[in-house]
Amino acid sequence: MKQTSGKFDVEHYFLDILEKDDSLSSGIAAIKTLLMVLEKTKFDTVQELHSTIQAAVQTMRNTDKPMTSVVSGSELFSRFITLAKFDDKSMAEVRQIMLSRGTAFLQKLLESRNVIAKQATGFISDGCRILTQARSRTVRDTLIQAARMNKRFQVYVTQSYPDKQGEQMQKELEAEGIECTVILDSAIGYVMESVDMVFVGAEGVVESGGIINRVGTFTMAMCAREMKKPFYVLVESFKFSRLYPLNQRDLPNDYKYSKSSLKDTEKAHPLVDYTPPVYITLLFTDLGILTPSAVSDELIKLYL
C-alpha cells in the first residue's frame, strides 16, 4: 500500500517527477516532493510537520530509486527550513516561512551543476582523454560546457552493466560533438594507461571524504591510483551524508541493493560501492574545490 501525506500521494509525485525529468537526481526530486508536502498538507503544530516530513522521506526510501542522495538531501532540506525562528508565529506564517526557505534552498541546489562545471572545465585541456563511469549528469553537463568553450577532448565511458547507462551517456555527449567511446566495464585497466584523468559523479559523499557511487567506481579509483592518474569527483553538496563506512559491508543494505533484492542480499549484486578518500584527488563541489580531508569540516557547517 502506498503511504501518503494527508491526501497527497508522496510516492506517486516523487516517481512522476523522475519519470518526467530525466535531468533530475533522486535527491532533487525528493526535495521537490517535500516542498509539495509543505504546500499541500495542513499542520497544527511544528512537531506534526516534522512527523509528516519524516513519513514522506520513508515513503520515498521504500521506492526502488537510489537512496543515498534522497536521505542526505531530505535531511539537509529539513534542517534548512527549520533554521528560522518561529516564536509568536501562527502555523500559517510558519508554513509560509518554510516554503520560502525551502524554495530558496532548492533554487540554490539547481544551480550547483553550473558552479561545479565552471570549476572542473579549467582542468580540461585540448587533446586530453577523460575516463568516466556510467552516466553522471554532473559529469555530462561539465563535459558539454567544456565542449561549448571550444575545448577538444576525448571521452571513454564504461558501459555499466546491466542497464548500460554508458551507452546513453555516449549518445548525449556525441549529440554535442564530443568524441566518446563506450568500453566494457572489465576494460578499465586496459584503457587507464592511455587516459589523462578520471571524472566521476557520486551518489553520496561520506564523512571521511570517500564517496558512494555506482558499482565499479572503487575498481576504477584503485586502477587510477596504481597508474598515477588523477581521480576527480564532481558532486553537489546536498549529497554530503553523515555516514562513516570503513568498508563495503558498512554501507546500509537499502543503499546497496534494489528493494526486490533485500530479501536475499547474499545472491544480489550491489548497485553502489564505497571508494575510500585515499583514492580521490579532488572533489569539485558547489562549496568549492575540496580535498577529501576537507569534507568533514564542510559537513559540520552543513549540519550544525
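Contact here means heavy atoms within 4.5 Å. With that in hand, a quick tour of this predicted model: the protein has twelve helices and ten strands, and 53% of its 304 residues count as buried.

**Around Leu38**
- Leaving aside residues up to four places away in sequence, Leu38 touches Phe43, Leu49, Phe77, Ile81, Arg95, Met98 and Leu99.

**Nonpolar cores**
- Leu38 also belongs to the largest nonpolar core, a set of 41 residues, where Phe14, Leu34, Leu38, Met60, Phe77 and Ile212 touch the most other members.
- At least two residues of this core come from each of helices H1 (10-20), H2 (26-40), H3 (46-61), H4 (68-81) and H5 (91-110), and strand E8 (272-275) does likewise.
- H2 gives the largest share, with nine residues.
- Another core lies apart from this one; it has 28 residues, including Ala187, Val200, Val205 and Cys223.

- Three strands make an open sheet in the order E5-E6-E8, with antiparallel pairing.
- E5 (204-205) and E8 sit at the edges, each pairing on one side only.
- E5 and E6 (residues 211-214) run antiparallel and are joined by two bridges; Val205 has Ile211 as its bridge partner in E6.

**Overall build**
- Why call the radius of gyration in line with a compact globule? For 304 residues such a globule would come out near 19 Å, and the protein has 20 Å, so the two agree.
- The C-alpha trace spans about 65 × 45 × 35 Å along its principal axes.
- Of the contacts between residues at least 6 apart in sequence, 74% join residues at least 24 apart.
- Accessible surface comes to about 14,600 Å², with 49% of that belonging to carbon and sulfur atoms.

Conventions:
Residues are numbered from 1 along each chain as its sequence is written. This is a predicted model: local features need pLDDT of at least 70, side-chain atom pairs count only at pLDDT 80 or more; totals for chains, interfaces and linings use all residues. Side-chain values use heavy atoms; hydrogens and water are left out. A nonpolar core is a set of buried Ala, Val, Leu, Ile, Met, Phe, Trp, Tyr and Cys residues joined through side-chain atoms within 4.5 Å. Buried means under 20% relative accessible area, exposed over 50%, partly exposed in between (1.4 Å probe, protein chains only). Helices (H or I, at least four residues) and strands (E, at least two) are DSSP runs, numbered from the N terminus. Two strands pair if DSSP finds at least two bridges between them. The radius of gyration is taken over C-alpha atoms; the globule rule is 2.2 Å times the number of residues to the power 0.38. Accessible areas come from the Shrake-Rupley method with a 1.4 Å probe; for residues, only the protein chains shown count as cover.
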